[in-house]
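Look at the chain below before reading on.

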Amino acid sequence: MSGELIKVAIIVIIAALLIITLRSKLQEYAFLLTVAVVVIALVFVLGNLVNGILKLRDLLNQSGNVSMYFTTALKALGIAYIAGFAADVCRDYGLNSLAVTAETAGKIAIFVLSIPLADAIMTVALKFVDL
């Protein structure tokens with residue numbers, strides 16, 4: 001993993017220098033380069049991420065925990081990262097109102113995603129106290 005991290009760090013630093021240079025004259029290319037670098041960085045680390053998720057899922061399955069909790073947590077994490085990335089890109093280009101909108105949409109999506117989980121937890125809690 002550390003080898004991929006070093007490669008990603010080098011790519012990001014070089015891209016940052018290019019983006020700063022492009023931003024003054026060719027803003028649309030700077031935006032495209034930003035998106036491309038994020039995709040490249042994700043591809044570099046995705047293999048390790050998938051392996052880690054599979055190991056964690058196996059541990060949870062062995063412990064007998066319901067996989068709904070794990071799936072919900074992963075979805076929430078993905079939503080948070082996507083919303084955060086969208087907000088950061090908007091802020092980089094001075095679009096603060098769009099950044100707040102992206103963050104709010106992410107929070108609402110996580111809330112909606114968590115409703116079935118909250119229902120399951122409440123059901124277990126009510127069974128526990130025999131109500």
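Of the 131 residues of the protein chain, 15% count as buried (under 20% relative accessible area, with a 1.4 Å probe and protein chains only). This is a predicted model, where local features need pLDDT of at least 70, side-chain atom pairs count only at pLDDT 80 or more, and totals for chains use all residues. Residues are numbered from 1 along each chain, and side-chain values use heavy atoms, without hydrogens and water.

The protein chain has four helices and zero strands (helices are DSSP runs of H or I, at least four residues; strands are runs of E, at least two). Here are values for the whole protein chain.

| Property | Value |
|---|---|
| C-alpha span along principal axes | about 65 × 35 × 15 Å |
| Radius of gyration, over C-alpha atoms | 20 Å |

A compact globule of 131 residues would have a radius of gyration near 14 Å (the rule is 2.2 Å times the number of residues to the power 0.38).

The largest nonpolar core has six residues: Ala15, Ile19, Ala30, Val37, Val89 and Tyr93. Such a core joins buried Ala, Val, Leu, Ile, Met, Phe, Trp, Tyr and Cys residues through side-chain atoms within 4.5 Å. Helix 1 (2-23) and helix 2 (27-63) each supply at least two residues of this core.

Now take helix 4. Its 33 residues (96-128) should span 48 Å at 1.5 Å a residue, and the end C-alpha atoms are 46 Å apart, which agrees. The expected span is 1.5 Å times one less than the number of residues. The buried residues of helix 4 are Ala99, Ala102, Gly106, Leu117 and Ala120. Just after helix 4, Asp130 takes a positive phi of about 55°.

How values were computed: Buried means under 20% relative accessible area, exposed over 50%, partly exposed in between (1.4 Å probe, protein chains only).
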